[in-house]
Amino acid sequence: MARRVSIKDVAQHAGVSWKTVSNVVNARPVVREETRARVEQAIEELGYVPNHVGRELRGGPTRTIALVVPELQNPYFARLAELMQVAARERGYTVSVEVSLGLAETERAHVRGLAPRPVDAVIISPTALAPADLLAGGGPRVVLLGERLPAAAEISHVAIDNVASAVDVVHHLVGQGRERLLFLGVDGAVRSTATDRLAGFRAALRFAGISVEPELIRTVAHWDRGAGRREMEAVLEAGLEVDAVVAGNDLLALGALAALLEHGVDVPEQVAVVGWDDIPEAAWSRPGLTTIAPELEALISAAL
């Protein structure tokens, strides 16, 4: 990978001092217009990222960590951000919470150190990154939180054991006499939290001697309440018989729960519903939602 363009490179290209480049980047009114134009042209031609000037001039750590999450509407990520702030503060760090909206270019900018604010490390829950984005090098230290990327084994990764937790869920349901289990939350062929949970689901059913029927494995585009509700309604309208729903997260589970109740299905007597993440809403729903509770404090401690 080519060396990142520095403030000194810009200064040399423009024929000025690095202090002049700093003045231009920080919009200080001490630079003549013709000089400012020359520096700005050099920045554009070299592809310099001005937001890193502060770190280059200080020459030391920022004591700032970027937490990059796909959204904050999901209570899981909101709670994660809050607890991360508390834990980082105890260690003398500040956390900059960044929302990627699932955009590859945004996630890529953060892991490559090209985001607007310089940071010492990036803790990211990726949704669109490719392994090559992490292996390119040149950026800050990166820790993957939750999702693992294939072929990026050397990158630090922190997550719950999604396969084992799915196995535990199925054992719990089968132990209650459930035999028609629906898995709600497949999101693609690439290995992810969803595929790991599905793998545990399949393995546990096979171990219990229960066949895995393709129509009971449901794909969703988004892990939210609306998707859970729509997919559960499709299952009910198709007349598929189920006695348990294993949803990829609590939001999907809550959506499925709403659809079941609207169709007059007794939960949990007729159909049990289980999710992941232990969001506050799970305890307040009626009936209360059974959910896998990740130890967020332990995950955060490992990531930091």
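1. A residue is called buried when its relative accessible area is under 20%, and exposed when that area is over 50%. The structure discussed here is a predicted model. Asp-277 has a relative accessible area of 13% and therefore counts as buried. This residue belongs to the loop between β9 and α12. Its phi is positive, about 110°, although Asp-277 is not a glycine.

2. Leu-101 also deserves a check of its backbone. A positive phi of about 60° is found at Leu-101, which is not a glycine. Leu-101 sits in the loop that runs between β2 (94–99) and α6 (104–111). Its relative accessibility is 63%, so Leu-101 counts as exposed.

3. The bond joining Val-267 and Pro-268 is cis, with omega of about 10°, and Pro-268 is part of the loop between α11 and β9. The bond joining Arg-286 and Pro-287 is likewise cis, with omega of about 0°. Pro-287 is placed in the loop between α12 (280–284) and β10 (290–292).

4. The largest nonpolar core holds 45 residues, of which Leu-67, Leu-80, Met-84, Ile-123, Met-232 and Val-245 touch the most other members. Elements that contribute two or more residues to this core are β1 (64–69), α5 (75–90), β4 (141–145), β6 (181–186), α10, β8, α11 (250–262) and α13 (296–303). Another core, of 18 residues, lies apart from the largest one; Leu-173, Ile-210, Ala-244 and Trp-276 are among its members.

5. Not counting residues up to four places away in sequence, Val-245 touches Leu-182, Leu-184, Met-232 and Ala-256, together with Val-271, Ala-272, Val-273 and Val-274.

6. Val-273 is a residue of strand β9 (272–276). With 6% relative accessibility, Val-273 counts as buried. Its contacts, leaving out residues up to four places away in sequence, are Val-245, Ala-253, Leu-260, Val-267, Leu-289 and Thr-290. Val-273 is 100 residues from Leu-173 in sequence, while the C-alpha atoms of the two are 9.5 Å apart.

7. Just after α3, Gly-47 takes a positive phi of about 70°.

8. The buried residues of α3 are Thr-35, Arg-36, Val-39, Ala-42 and Ile-43. They lie on the same side of α3 because they cover an arc of only 125° around the axis. These buried residues pack against α1 (7–14) and α2 (18–25). On the face turned away from the buried side, α3 carries the exposed residues Glu-33 and Glu-44.

Notes. Residues are numbered from 1 along each chain as its sequence is written. This is a predicted model: local features need pLDDT of at least 70, side-chain atom pairs count only at pLDDT 80 or more; totals for chains, interfaces and linings use all residues. Side-chain values use heavy atoms; hydrogens and water are left out. A nonpolar core is a set of buried Ala, Val, Leu, Ile, Met, Phe, Trp, Tyr and Cys residues joined through side-chain atoms within 4.5 Å. Buried means under 20% relative accessible area, exposed over 50%, partly exposed in between (1.4 Å probe, protein chains only). Helices (H or I, at least four residues) and strands (E, at least two) are DSSP runs, numbered from the N terminus. Contact means heavy atoms within 4.5 Å. The arc is that of the directions from the helix axis to the C-beta atoms.
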